[in-house]
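Please read it alongside the sequence and coordinates.

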Amino acid sequence: MDLFPLVRPFASIVDPETAHRLTIRALRMGLGPSQHASDPVSLGIDLFGLHFENPVGIAAGFDKNGEVPDAMLALGMGFAEVGTVTPLPQSGNPRPRIFRLPVHRAVINRLGFNNEGHAVLKRRLLARRRRPGIVGVNIGANKDAADRVADYEAGIRVFDGLAAYFTVNISSPNTPGLRALQNKAELQGLVARVLAARRTDRVRPTPVLLKIAPDLNEEELNDIAEVALAEGLDGLIVSNTTIAREGLVSGVHAGETGGLSGAPLFTMSTGVLREMYRLTGGRIPLVGVGGIMSGDDAYAKIRAGASLVQLYSALTYEGPALVSRIKQGIAARLAADGFAHLKDAVGADVEL
Ligand SMILES: Cc1cc2nc3c(=O)[nH]c(=O)nc-3n(C[C@H](O)[C@H](O)[C@H](O)COP(=O)(O)O)c2cc1C
């Protein structure tokens, strides 16, 4: 049963961070709904050595400390990404730091990588290590790290063997200077060091994806595509939140500093995704994130080049039943377009 419609009025009057904390607590207590039906075969996809039952994942930031990955998988998600986690625990920016913009179905956050650090996440992932399901770890750097790249290398070393894949997050707008790592020379050094930090005793090295911002110009996107292909990154996640405020006509909180997510991010992040698919020639898998509110939105990302999709903000507005609706929507659109498998639709709208 979907209890979300009953709790939504309450959830929308309490402070968003408190509502989120209560949601995580409820999920930890096993109060989340469970989807038992198996996914249609058409939604399955094989990428970087992993089989995804469906392409819909929970984006990073929802479960920063790895408290509820199994509850997210039980909702019917095809994969769950925990983090961003930094080596040392960090309290982040002063509250309030998450703002709902209901008129726009959007969120602005300036959390600043608040998280419990590597050791706590490692303990939780060790406790669930024999469970099925794809759980990726999104790694970051502490705000005052002397060598930020070393923080990413540490993330790889600590979680290799526990993470199904890694996401290197260099695109949060809330850690000053972090996004400068997206510049070509810096990025090349970072990616080379991160990939070299992986264990070499595994049949297949753990896949590493890079998560980028939507606020990049053509030249920057081109540089990232070149580095990704030359260094052998396994995939790109497009995108993080935006510092732009296009599409926000008015309303409370529209002027808050931070990263904007939800519906107003859709067009921009999908445009960057399409461009990245073109620049990489479809040679590496892309994960489409940003403003997915429906099955149609998810399907548009797939046709623009995404092999997987992730979402966060829409869940806070629509509740957990959204996951099933999105999957049904994608399956219906695939069938209507005559595609037997998801992979056939990936990039269908992009001329290479
Ligand atoms: C409250 C909040 C916290 C987030 N924290 C992280 C984070 O720690 N790491 C990260 O890579 N992305 C983080 N994100 C970005 C999301 O993973 C996602 O890229 C972005 O919200 C766009 O997707 P959406 O429009 O479906 O929310 C966060 C987003 C929100 C709203």
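How many bridges join strand β9 to strand β10? Four bridges link β9 (residues 208-212) and β10 (residues 235-238), and the two strands run parallel. The model is predicted.

**Barrel**
- Eight strands form a closed barrel in the order β3-β4-β7-β8-β9-β10-β12-β13, with parallel pairing.
- From one strand to the next, the twist averages 25°.
- Leu209 has Gly235 in β10 as its bridge partner.

**Helix α5**
- Helix α5 (residues 148-159) lies across β4 (79-85), β7 (135-139), β8 (166-169) and β9, and runs at about 165° to β8.
- The twelve residues of α5 reach 17 Å from first C-alpha to last, close to the 16 Å expected at 1.5 Å a residue.
- At the N-terminal end, Asp147 caps α5, with a side-chain oxygen 3.2 Å from the backbone nitrogen of Val149.
- After α5 comes Gly161, whose phi is positive, near 100°.
- The buried residues of α5 are Arg148, Val149, Asp151, Tyr152, Glu153, Gly155, Ile156 and Phe159.
- The cover over these buried residues includes β4, α4 (118-127), β7, β8, α6 (184-196) and β9.

**Gly347**
- Gly347 sits in the segment after α12 (342-345).
- Its relative accessible area is 6%, so Gly347 is buried, the cut-off being under 20%.
- Beyond its neighbours within four places in sequence, Gly347 is in contact with Tyr277, Ile302, Arg303, Ala304 and Gly305.
- Gly347 and Gly282 are 65 residues apart along the chain, and their C-alpha atoms are separated by 7.5 Å.

Methods: Residues are numbered from 1 along each chain as its sequence is written. This is a predicted model: local features need pLDDT of at least 70, side-chain atom pairs count only at pLDDT 80 or more; totals for chains, interfaces and linings use all residues. Side-chain values use heavy atoms; hydrogens and water are left out. Buried means under 20% relative accessible area, exposed over 50%, partly exposed in between (1.4 Å probe, protein chains only). Contact means heavy atoms within 4.5 Å. Two strands pair if DSSP finds at least two bridges between them. Axes are lines fitted to C-alpha atoms, for helices over the stretch in contact, and angles run from 0 to 180 degrees between N-to-C directions. The expected span of a helix is 1.5 Å times one less than its number of residues. A polar contact is a pair of N or O atoms within 3.5 Å; within protein, one must be able to donate a hydrogen and the other to accept it, and residues adjacent in sequence count only if both atoms are side-chain atoms.
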